[in-house]
Amino acid sequence: AVAIRNLSFSPENEVRIAAENGIVPLVAALRSTDPKIHEHVLVTLRNISSNQDNKVRIVQEGALAPLVFLLRSTADLIPQLAAGVLRNLASNLVNQVKIVQEDALPPLLGLCRAQNVAIVEQAVGCLRNLSVNAENEVKIVAANGLPVIMQCLKMEDRAVQEHAAVIVRNLSVNGENKVKMVQEGGLKPLIALLKSKHEFTQEQAAMALRNLSINATNEHKMVAEGAIPAVVDLLRSRNGRLHEHAAVTIRNLAINAENEKAIADEGAIQPLVALLGSSDQPVLEHSAGALRNLSVSTDNKAQMVAAGAIGPLIGHLMSHSPRIQLQASMALRNLSLHPGADVVIVSEGGLEPLIAMLYSSDDALQEAAVLALRNLSVHDDNKSKLVRQGALPALIALLGGSNVSIQEQAIVVVRNLSLDPENEVRIVEEGAVPAIVNLLRSPIESMQEHAAVTLRNLSLNDDNEVRVVEEGCLPPL
């Protein structure tokens with residue numbers, strides 16, 4: 001056993017031991033009553049189980065039951081070595097299921113409470129690999145694993161912290177686990193790890209908090225536990241991988257109106273605007289999405305305009321990513337309600353890309369663009385500019401579309417434009433009247449009202465009086 005153990009340290013021998021049918025006697029020796037034999041065999045199996053083919057063979061030869069049994073051994077080193085072998089085996093997807101079926105979770109969780117950090121590291125490392133499996137996510141929690149894992153998060157050992165953070169990240173994907181983790185006190189240690197000097201651990205904690213922030217119940221608790229300052233700090237991190245996780249978390253937390261002010265007060269707006277210059281597509285999308293949610297607040301609108309958000313948001317209206325376009329257009333829609341921002345959006349070139357989005361085949365993009373244009377068309381200086389930029393053909397097409405919500409927004413834009421004397425004749429010349437008349441027959445009362453007011457505005461122009469009647473407005477009126 002000692003000789004095989006020594007030979008197994010060579011990578012070449014990992015394959016040769018298996019090829020010489022060495023796995024069968026090694027597994028059989030696990031059932032010995034001699035702890036010394038256990039030690040030598042476990043070291044050998046640990047070494048050769050780093051080979052992918054051997055992971056499968058060892059399990060096929062029936063190693064799991066004795067390995068799980070040895071997790072409960074009282075002999076020195078044996079539980080640690082057994083956990084180490086299982087840790088290696090658990091990197092195989094099929095083995096992950098079989099190990100849990102062999103009832104390995106209770107003794108592994110028990111070892112995570114050991115005084116010996118080396119034992120804890122192997123046990124929690126094995127649980128890390130097992131937690132990759134979706135079914136195991138539920139089973140680890142059902143085995144009362146959360147309090148144990150949360151305790152590991154608080155340990156000072158770097159490896160243990162890292163493994164525990166990965167487990168929490170994996171478990172937090174499950175919807176039911178999100179609430180349970182917070183109930184078990186997971187927020188404080190995760191928030192603390194956002195300041196970790198070890199980037200990988202920091203990233204795992206950031207991803208876990210990102211997952212937890214999706215749950216509405218957790219939003220309040222994350223803010224109460226002090227998550228916002230730590231997450232905002234990540235927006236300024238030199239580690240670009242953290243930017244996405246932080247932006248998503250802020251975006252999720254900002255859905256709650258009560259959190260918007262708190263997030264802005266912690267200084268999130270300036271770094272989010274800065275991230276609009278990122279070359280990373282997910283970072284761009286989620287930074288724009290976070291600004292979209294934050295821009296619902298009146299106070300935040302002023303901060304965003306002052307921080308220079310309008311220019312880069314307009315630039316992203318021309319993104320090749322519809323998801324980025326959507327977030328940018330919705331943010332601009334919100335900002336356009338801020339006094340003076342509507343003029344700035346137009347002066348910085350916002351009309352052309354918004355009008356181009358009206359031709360999109362994506363209803364969400366169309367609606368986002370027409371909503372923004374609705375707000376911009378309220379300002380007198382913008383009414384003629386919209387028409388000169390070629391908005392009418394697209395708007396008229398939307399009036400005849402099948403999406404009622406977009407229809408209503410489009411007729412409101414045309415109604416606003418019709419208040420400008422310069423536009424009255426152009427709207428009629430562009431062929432808008434038949435589509436407007438048709439909306440008089442809409443079953444939606446507000447649509448009828450907007451159409452009727454638009455026709456009234458157009459008919460105030462002497463040149464339009466006859467045309468409007470000729471287009472059939474009288475019967476529905």
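Predicted model: local features only at pLDDT ≥ 70, side-chain atom pairs only at ≥ 80, totals over all residues.
User: Which residues make the contact between α29 and α32?

Analyst: From α29 come Lys 383, Ser 384, Val 387 and Arg 388, and from α32 come Glu 422, Asn 423 and Arg 426. By class, this contact has 4 charged, 2 polar and 1 nonpolar residues.

User: Why is Gln 122 called buried?

Analyst: Buried means under 20% relative accessible area. Gln 122 has 17%, and is therefore buried. Gln 122 sits in helix α10 (residues 117-130). Beyond its neighbours within four places in sequence, Gln 122 is in contact with Gln 80, Ala 83, Gly 84 and Arg 87.

User: What joins the side chains of Gln 122 and Arg 87?

Analyst: A polar contact of 3.5 Å joins them; the cut-off for such a pair of N or O atoms is within 3.5 Å.

User: How do you know that helix α18 is mostly covered?

Analyst: Of the 9 residues in α18 (residues 227-235), 7 are buried. They are Ala 227, Ile 228, Ala 230, Val 231, Val 232, Leu 234 and Leu 235.

User: Which helices do the buried residues of α18 pack against?

Analyst: The buried residues of α18 pack against α15 (187-193), α16 (199-212), α17 (216-224), α19 (240-253), α20 (257-265) and α21 (269-275).

Key: Residues numbered from 1 in each chain as written. Heavy atoms only, no water. Contact = heavy atoms within 4.5 Å. Helix = DSSP H or I, 4+ residues; strand = E, 2+ residues; numbered from the N terminus. Nonpolar A, V, L, I, M, F, W, Y, C, P; charged D, E, K, R; others polar. Buried < 20%, exposed > 50% of the residue type's maximum accessible area, 1.4 Å probe, protein only. Polar contact = N/O pair within 3.5 Å; in protein donor to acceptor, adjacent residues only side chain to side chain.
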